[in-house]
Amino acid sequence: MKRRRRILLVLSLILVGAACSSKPGPASTLKPTGFGVALVESSGGKQVGATGMVLGDPLVVQVNDEQGTAVAGALVEFSGPAGVSFDPTSGLTDSSGQVSTNVALGSMAGRYQLTAHTSTRAQKSVDLKIEEIALGYQQEVGFQLDNKYCARCHNPESTPERVSNYDNLEVKPHPFTEGNTLNKMSDADLTAIISHGGPALNKSALMPAYGYTLSKTEIEALISYIRLVSDPPYHAAGMVYAQK
Amino acid sequence: MKNSLFHLWQTLFGDPVRAFGVVSLLLVILLAVAPAKNHFSEWRHYQKQYLALIGSRGDAVTLRRHFHEHDGIQQIWLPQLGVVDRCTTCHVGLKEASLSDVSTQPFRLHPVIPHTLDQFGCVMCHRGQGPATTVEEAHSSTLAWEEPILPARYVQASCGQCHRAPLTGTPQLNLGRNLLARYGCVHCHTIKLPDGSAIKPTDDPPSLEHIADKTTREWIYAWLKDPQTYAVTATMPNFKLSDPDARDISAFLISNSTPVAGDTALVSPSSKAPDLAAGASLYGESFCASCHAVQNAAGNVVGGDVGPELTRVGSKVKPEWLQAWLRNPRVYDAGTAMPHYRFTDSQLSLLTAFLGNKTDSDLLANVHLDAATPEQIAHGKLLVTEYGCASCHEINGIKKSDNFAPELTRIGSKPLTQIIFLPGMTHAIPDYIAAKIRQPRSFGSALKMPQFSLAPAQIDALTTALLALTDRAQDLPRALTVPAKPPSNYQPAGKAGQLMADLACFSCHAINGRGGDMAPDLTWEGSSVQRQWLQAFLKNPGTLRPALIRRMPRFNLSDGEVTELTDYIMTVYQSPAFDRDSMPANGYPPAQVEQGKQLFYSKYACQSCHIVDTKVDKGYVGPTLTQVGSRLNAAWIYHWLKEPQTMRPGTIEPNRNMDDEDARALTAFLMAQKGSSKQEAKR
């Protein structure tokens, strides 16, 4: 009798131990009911947000089959570099073939490459790369300044709240994402054109001088923002270090 | 057993010499523990790693010299701020600009911020345990120290400890603070600022004293059950009421309501079917959408958020009340942000019919309420008291209770021992606050706090704003804080003041620090514009900025009212910076006008944003200047050209550092733009 009790005790101890040590199972306990062959981005890519914070719009991706029709019930998993979090990290596509997730970027300013992943019926993996941009404090200030002073002319896209002046200008301004042009200009060039206007670099006078409106810090912030959003990405010229 | 112990004792301490040796040996080992611990400490390990990292870089010599200037344990000590930080012991490269490509912690370069490390240390912004010298103790909460690192997503909270005014670089904190005031959090929770004042709510929940005039019991029931079904933008939270509770509260509110004279006046019956198209265009012309939103067929909410959403307003309000409200909203609610439009009777019936037609048959389809019993009404009153409805709404016979909900003045420093966490939750203040906002009732179904409908970004913003409410924020020396501009309670005087209150000018315009930001600041309006123009504009507001969707509505003011307002604005809203009459309106020499034209089109290229000649110019960022010579005062134009930001802080017109001659010539050119005689005649 006593022995049996002891065995019971030991058994229950083991059980308790097992229960405590068992790690929470992987997040995706979802079972896919559908399979596609292609992943496409529906919305939420190329967003500009602040470091560590949830992006304004959710990231939405869609799973399609060979004919390009949406597949419901396919499992999509999201992943990204350290510091990026997804809510949820995985999900099954809805009736329109889409999965939506809220993304919070990491704590360093820069570009973040996120991956959406799904598998075909034959367990072949299909990946979709999505890029988002995180603004640090300095770039955030630049972004706000862009919104207030620059975007009316430099951003060709109109919204009901803010109609773009881009089309009305005889000489077209460069959108800040236009890396092919802006990446060739040095920080000193950009500072000159912002401070003293277009004529400082033999460009159009339609670009006014902001040197008496914006402070030096604000102009630096603006440039650091322009550098971060440029496409293709901007790489600062500088020392090249031996890499291990 | 006993034998062997005795044997061991004999071996070690058998004779005095041997005992001495053994004890000395033990002593040496004991003494070596401290240096060994030091030698193998975590921070030395990181410093060694750092040296290895910089060793292969081009500027290794410089970096190494910087490092050796102060190696060992580092400390930033700021007695005034209560900062003792040793973080820089491991975070060695924070100030090394050339490490911008390094992404491994703890060696990253600190991103650019407006403060320096030596002035503020690290824990001011990042929290954590400054004096700790191990990774675990510095970053996480341990038994002895409970302040973990603040997650990056809330880091703007730290700015809010000292800065009370909105900052350009902290949109999340600014949003959170707006939400605290706008979603009515501070109706129930007191939040005191270090100067002793409390945060004031900016929403204006309607009084329920005369609710029966306005709407039906069925609508109240449906609204109480789920406010967001009626209006997606509703800020009223969901109290998760049971059917009988919602029934009883609606019964109480209706029976408790007192009538307002005039609300029951019958809608003037019209023989023909209402002209909805004409109503829609009147709605558009009156710029109702500047303040009120409507959800369109695609589900997008379009319009302003000053007033309530009107998507389903026809299912809510009684037509008699709606007409009385449109006639003069101040009869029902003296303090409303809605202007008193002077609509004519035919306009009133057009708008009433148009708005009354915005219905949703599904909203009240399943609401069937029997006549209320006295018990139900009494129970409703009890519930209204218990749920603190009077904290936000005025209700006859129920007083607003102070301190209805816990005070949040120091919520960001609330000791963890006083918090009951949910199972599986990280034991940290940010997680607790966010969870409380996300789902208040998950902490207990009997809790009173209702469910707000907030987007994830809004929850983060609110959490950020609350995390800024720390002990440190309260106790900082006043000299180190940056207070917000004190709220202005400016009130224009006399008859004009009453008229401005009646027209709710402050809902859109700011004057002397009080008012909205939808429309231009009018503090110096009297120095800026010409009298005739202002008079004509108040009578029939024209368009200055064609690209704007929000414009000044036409209030149908009487001539007497227009003169009253014009006189007041022209006399009182004068800038002391210059003399309005110091420059003439006419008579500039043609050569100077021509010189101004050259400057306008070539040197300053003003046409990128402004239109003077509608045939050539296309810029419409700034106001159209075709008639600026009949609109603005010459001295104002001159001073505006010289220093726009002084005249109207925050304007986007760049300061061009113009010299006197250029500014005078441009003024001459602009004053020559009187507008075509045709337009004059039209006025």
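In chain B, the axes of helix 9 (residues 171–182) and helix 21 (residues 456–467) approach within 7 Å and cross at roughly 90 degrees. Helix 9 of chain B and helix 21 of chain B are therefore roughly perpendicular to each other. The model described here is predicted.

**Helix 9 and helix 21 of chain B**

- From helix 9 of chain B, the contact draws on B:Q172, B:L173, B:L175, B:G176, B:R177, B:L179 and B:L180.
- Their partners in helix 21 of chain B are B:Q458, B:D460, B:A461, B:L462, B:T464 and B:A465.
- The residues of this contact comprise 7 nonpolar, 4 polar and 2 charged.

**Overall form of chain B**

- Chain B contains 32 helices and 6 strands.
- The radius of gyration of chain B is 34 Å, well over the 26 Å that the globule rule gives for 683 residues, so chain B is more spread out than a compact globule.
- Along the principal axes, the C-alpha atoms of chain B fill a box of roughly 125 × 85 × 45 Å.
- Of the 683 residues in chain B, 31% are buried.
- Where contacts in chain B join residues at least 6 apart in sequence, 65% of them link residues at least 24 apart.

**Domains of chain B**

- The domain assignment divides chain B into domain 1 (2–38), domain 2 (42–149), domain 3 (160–202 + 404–480), domain 4 (211–382), domain 5 (494–572) and domain 6 (580–682).
- Taken over C-alpha atoms, the centres of domain 3 of chain B and domain 5 of chain B are 38 Å apart.

**Helix 29 of chain B**

- Helix 29 (residues 634–642) of chain B is mostly covered, with 8 of its 9 residues buried.
- The buried residues of helix 29 of chain B are B:A634, B:A635, B:W636, B:I637, B:Y638, B:H639, B:W640 and B:L641.
- The cover over these buried residues includes helix 24 (525–528), helix 30 (644–647) and helix 31 (660–671) of chain B.

**Contact of chain A with chain B**

- In this interface, 37 residues of chain A are in contact with 36 residues of chain B.
- On the side of chain A that touches chain B, strand 7 (98–104) and helix 2 (137–154) of chain A each supply at least two residues.
- Helix 2 of chain A gives the most to that side, with 9 residues.
- The side of chain A that touches chain B has 22 nonpolar, 11 polar and 4 charged residues.

**Helix 2 and helix 5 of chain A**

- The axes of helix 2 of chain A and helix 5 (residues 216–229) of chain A come within 7 Å and cross at roughly 95 degrees.
- Helix 2 of chain A and helix 5 of chain A are therefore roughly perpendicular to each other.
- Helix 2 of chain A contributes A:Q138, A:Q139, A:V141, A:G142, A:F143, A:L145 and A:D146 to the contact, while helix 5 of chain A contributes A:E218, A:A221, A:L222, A:S224, A:Y225 and A:L228.
- By class, this contact has 7 nonpolar, 4 polar and 2 charged residues.

**Domains of chain A**

- Chain A is divided into domain 1 (38–135) and domain 2 (137–229).
- The centres of these two domains of chain A, taken over C-alpha atoms, are separated by 31 Å.
- Between them, 5 residues of domain 1 of chain A are in contact with 6 residues of domain 2 of chain A.
- Strand 2 (48–50) and strand 9 (125–135) of chain A each supply at least two residues of the side of domain 1 that touches domain 2.
- That side of domain 1 of chain A consists of 5 nonpolar, no polar and no charged residues.

Conventions. Residues are numbered from 1 along each chain as its sequence is written. Chains are lettered from A and ligands numbered from 1 in the order in which they are written. This is a predicted model: local features need pLDDT of at least 70, side-chain atom pairs count only at pLDDT 80 or more; totals for chains, interfaces and linings use all residues. Domain bounds come from an automatic or database domain assignment. Helices (H or I, at least four residues) and strands (E, at least two) are DSSP runs, numbered from the N terminus. The radius of gyration is taken over C-alpha atoms; the globule rule is 2.2 Å times the number of residues to the power 0.38. A residue is buried if 20 or more other C-beta atoms lie within 10 Å of its own, exposed if 12 or fewer, and partly exposed in between; C-beta atoms are placed from the backbone. Two residues are in contact if their C-beta atoms, placed from the backbone, lie within 7 Å. Ala, Val, Leu, Ile, Met, Phe, Trp, Tyr, Cys and Pro count as nonpolar, Asp, Glu, Lys and Arg as charged, and the others, Gly among them, as polar. Axes are lines fitted to C-alpha atoms, for helices over the stretch in contact, and angles run from 0 to 180 degrees between N-to-C directions. Angles under 35 degrees count as roughly parallel, over 145 as roughly antiparallel, 65 to 115 as roughly perpendicular and the rest as oblique.
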